[in-house]
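Student: Hi! Could we go through this structure together?
Tutor: Happy to, here it is.

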Amino acid sequence: MNIKQSFRIIFRNKTYSILNIAGLAIGIAAAALILLWVEYQFNFDKALPKSDLIYQIAQNQRYGDKIYTFFVAPGPLSETLNESFPEIKRNTRYSSDSEAFFTEAGRNSSVSMQGVYADSTVFSMLSMTFVEGDPRYTFARDNSIVISRKMAEIFFKDDVAVGKMLETETGKYYIDGVFENIPKNTTFRFDWIIPFRLLEQMYEEKGWANVKSWTSNWMNCFVELEPYTNVEVLNDKLAKLISEKTNETASHFTFFIYPQRDFHLYGEFQDGKPTGSGYIRTVRLFFWIGALILLIACVNYMNLATARSEKRALEVGVRKTFGARRSGLVWQFLREASMITIAALLLAIALIYIFLPAFNRLIFANLAFDFTNPYHVLGLLCVGVLCAFLAGNYPAFYLSSYLPINTLKKLKKKGGAAAWIRKGLVVFQFAVSFILICATFVIYLQIGHAQNRPLGFIKENTMIFPITEEMKMHSETVRNELLNTGLIKHAGFTSHNVIQIYSNGGGYQWPDKRDDFNPLISMMFVGPGFIEAAGFTLLEGASFSRIDDADEDGMGKIVINRRLAEIMGESGRVGGFMGQGSDGEYYWEIIGIIDDFVFNNMYAEESEPLILFAYPNHANYIIASYEAGDSPAEVQAKVRNVLQTFSPDYSSDALFMDEIFNNMFYSERLIGSLATLFAVLAIVISCLGLFGLSAFSAEQRTKEIGIRKVLGASVSQIVFLLGKSFMLLTLIAFAIAIPVAWFVSDNWLKSYAYKIDLNWAIFAGTALLIILIVIITTSVQSIRAATADPVKSIKTE
Amino acid sequence: MINITDLEKVYRTDTVETLALNKMSLHVREHEFVAIMGPSGCGKSTLLNIIGMLDQPTAGSYQFNGIEVGKFNENKRSDLRKANIGFVFQSFNLIDELTVFENVELPLVYNNVKASVRKELVEKALDSVQMMHRRKHFPSQLSGGQQQRVAVARAVVNNSKLILADEPPGNLDSKNGAEVMQLLSGLNEAGTTIIMVTHSEYDARFSQRIVHMLDGKTVTENFLRELAYVPK
């Protein structure tokens with residue numbers, strides 16, 4: 001038996017081969033896409049040459065009986081690490097990513113680019129290569145900047161960039177160097193770097209943070225260790241650092257370092273210790289889903305091959321009669337499976353190339369299949385070999401076991417084991433499809449549930465603009481001008497965008513507070529009009545009305561949320577007082593209490609405690625609400641016009657509150673998108689197999705159908721007869737899948753406090769959907785068989 | 001060549017036990033052409049399958065060329081079968097996916113004959129049944145008579161010493177049936193031993209000896225003529 005004959009067998013059985021190749025190809029392509037994504041996640045932060053030595057400074061902060069872990073650092077840390085920690089080769093202070101609009105000096109159009117403030121040590125730590133300039137001579141002057149090759153190409157095309165000037169809101173910067181683009185799968189994503197000391201000055205001048213304090217954390221810090229470093233010993237030293245520096249016997253704060261290469265996948269902490277989990281959970285989940293899809297595709301091959309066995313039985317009998325050994329036949333069938341797999345692999349590669357861009361859009365990534373990457377080629381080959389082995393093995397051994405005497409006498413091999421296995425595999429396919437579809441429903445219901453919950457603020461018809469220094473200096477005028485346009489209902493300055501409030505602190509005091517009670521409290525700095533613009537509900541007292549609320553009687557004015565009022569007990573009332581630190585002084589008066597609203601965690605059952613300070617100098621945005629009927633574009637243009645009277649170059653786009661809100665569901669949406677994709681693939685592949693099986697089943701029963709029709713059976717009775725067995729298998733699959741789907745969904749929902757209740761309708765809906773799909777898939781063949789001429793059917797045997 | 005003594009074959013299902021061969025004895029000389037006749041279910045085909053080593057006897061002795069083969073395992077039987085025995089079936093049993101040439105070539109492939117030699121032998125065999133011009137056709141493109149001639153070519157291509165034929169003209173019209181019987185007679189005259197199961201008195205008359213079976217054993221034997229083979 002040569003390859004040519006194997007080819008011929010595949011070509012002469014077109015339907016069978018197409019079903020097999022298509023099923024396997026879809027399975028392989030899906031698995032490959034998932035593996036690409038998994039590879040991307042696993043390589044995150046590992047492509048850096050020194051990835052084993054790069055750690056991030058982290059801090060455990062104790063508030064009451066809770067320990068929170070933050071990846072933050074205070075101002076003086078960097079210098080101390082340089083002076084007293086020889087095992088730390090270098091460290092870099094690092095801001096969070098920020099977006100800035102850059103203009104080439106002398107031009108008008110500005111481009112928004114993502115970048116960071118960092119020390120020049122970052123170049124060596126990240127082994128950055130410079131295509132222009134020399135990293136050793138950068139950042140000598142304050143107004144320096146280094147930019148990525150991508151950014152250089154945007155602004156200067158092929159011209160030299162070094163020495164040229166770029167302008168942004170915070171000043172003018174001379175380009176010191178151009179670095180090679182940074183790979184995408186790393187935490188360190190930036191197109192520009194400005195010396196960190198500039199940010200430090202800014203913080204100091206504006207009083208945004210106490211940059212000299214050990215307890216004011218306002219930056220990130222990365223360290224590169226000497227290769228000999230014992231991390232445990234170093235962490236012991238770091239743990240004592242704040243106590244030493246602040247002369248407190250036991251500080252609430254302790255430093256430690258955490259490997260950067262583990263940050264992405266294993267970044268979850270509980271009680272100050274890594275849980276060994278994090279994003280890896282999602283990655284693992286989808287790895288297994290990919291494997292299941294591949295398995296479903298292999299199951300198709302097995303089922304179609306054994307279902308077709310009667311057609312192949314005669315061939316096996318004749319070959320054995322003329323001397324073929326079983327081992328030879330096993331090889332023949334394995335070869336056929338391999339050839340089908342190779343065809344499927346080629347088709348899968350085409351599918352990967354066709355669908356990768358769409359997949360990238362779906363999961364917001366930039367994956368690429370690369371034929372020069374040995375891991376990709378090898379991975380695909382492994383998937384292929386695995387498929388050929390998984391799919392081909394069982395049919396090869398099953399088919400080759402036919403005894404020539406039986407096949408030549410046309411004795412049907414009793415369905416027995418093979419039929420049971422086939423049925424079992426169909427049940428498996430539909431059980432997996434059920435679970436995936438059901439999980440998809442649950443994910444989307446949960447997202448919808450959280451999106452439609454009472455939020456405590458108004459997300460519709462509200463926009464937020466980043467503000468400039470000039471605007472802050474004239475905050476009251478800006479606000480009045482906006483209100484004067486007649487388009488804006490309310491406007492107010494704010495430090496945070498309402499939904500994401502990542503400033504918090506401890507050490508707050510109020511009368512009658514227990515000494516050992518120290519909750520972590522979130523804080524916002526806002527101006528007059530903010531509470532109204534955000535749409536908060538004022539439960540008691542008053543809102544901020546004037547910019548000088550803070551100065552009137554030497555007592556600052558604050559508004560707190562209901563949660564904090566509850567925590568404070570008796571003191572949590574309008575007219576109550578608060579302070580911070582151990583001086584026993586109270587310097588804030590509570591003038592109002594707002595109802596709780598949802599922020600940071602969209603699935604939290606109860607809000608975190610929050611203080612609003614009347615301090616628009618710390619604001620970063622202005623929030624503005626407008627009438628529902630007005631055109632957002634028109635309002636945006638009008639607002640920008642007003643803002644440009646304060647900062648003529650101002651060109652920022654508005655952020656819409658509902659968009660910011662929707663972005664909070666990024667990770668759930670990602671899981672939802674992937675789950676939808678794989679649920680659809682699972683059911684499509686399963687149906688390809690089912691279609692083939694129903695065709696064979698109808699063919700096998702041709703004579704039976706003919707006899708039944710001669711004896712008076714109607715078309716619908718025949719269709720029912722043929723569909724019945726598949727429906728029964730589907731029902732068995734449901735019985736197995738429902739408890740599993742329940743368990744999986746319930747487990748997934750456990751990580752959300754505000755969540756949907758699992759109810760029978762989800763499962764019934766999934767079951768109905770699958771039943772409908774099964775009926776459509778099988779009825780094509782059943783109807784064809786049922787409407788065939790019975791005289792012919794009887795003659796065929 | 002074949003010595004069968006007190007052969008028994010019992011088929012068992014969960015509820016029924018059927019005695020297909022009941023102390024059957026048969027001796028076939030080399031170069032002989034034996035026809036086996038009898039009503040349906042008398043055990044003819046079972047006997048043929050055991051002689052062809054496709055099946056094993058339950059009891060008794062079966063010697064092939066002096067070797068006791070009744071207890072051989074599947075691989076040993078397969079080796080002995082592929083080297084010595086050719087088959088012609090009532091329903092031709094050609095493989096649909098293989099061409100005429102490849103179908104005839106099959107026994108040679110399994111006997112590890114070199115490709116160049118195979119081509120020569122297959123062409124010779126196809127020539128002898130006048131099917132050379134159809135060598136690239138698939139079975140479905142041939143008439144029944146042509147298919148059976150291809151099956152005969154396949155049975156002889158390996159120069160088998162024994163051909164087992166199970167109602168070879170059974171699915172053919174009388175003209176094509178007669179042609180196939182002529183082919184088998186010619187092979188026998190050239191020295192091939194043939195054992196043929198048939199219902200047809202007419203076909204049986206091509207043989208030298210007719211064995212009548214009933215209920216799994218021989219009831220009569222009729223010697224029609226002497227061996228046709230004349231050693232050169």
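Tutor: Gly572(A) is buried, at a relative accessible area of 14% (buried means under 20%, with a 1.4 Å probe and protein chains only). This is a predicted model, where local features need pLDDT of at least 70, side-chain atom pairs count only at pLDDT 80 or more, and totals for chains, interfaces and linings use all residues. Residues are numbered from 1 along each chain as written, chains are lettered from A and ligands numbered from 1 in written order, and side-chain values use heavy atoms, leaving out hydrogens and water.

Student: Which residues does Gly572(A) touch, beyond those up to four places away in sequence?
Tutor: Gly572(A) touches Ile560(A), Ala565(A) and Ile593(A), contact being heavy atoms within 4.5 Å.

Student: And how far is Gly572(A) from Trp37(A) in space?
Tutor: They are 49 Å apart, C-alpha to C-alpha, and 535 residues apart in sequence.

Student: Which residues touch the most other members in the largest nonpolar core?
Tutor: Trp37(A), Phe530(A), Phe536(A) and Leu612(A) do, in a core of 130 residues. Such a core is a set of buried Ala, Val, Leu, Ile, Met, Phe, Trp, Tyr and Cys residues joined through side-chain atoms within 4.5 Å.

Student: Switching topic, how many salt bridges are there between chain B and chain A?
Tutor: There are 3, counting a side-chain nitrogen of Lys or Arg within 4 Å of a carboxyl oxygen of Asp or Glu. Asp79(B) pairs with Arg325(A) in a salt bridge, with the closest N and O atoms 2.5 Å apart.

Student: How many residues does each chain bring to the contact?
Tutor: Chain B brings 28 residues and chain A brings 22.

Key
Buried means under 20% relative accessible area, exposed over 50%, partly exposed in between (1.4 Å probe, protein chains only).
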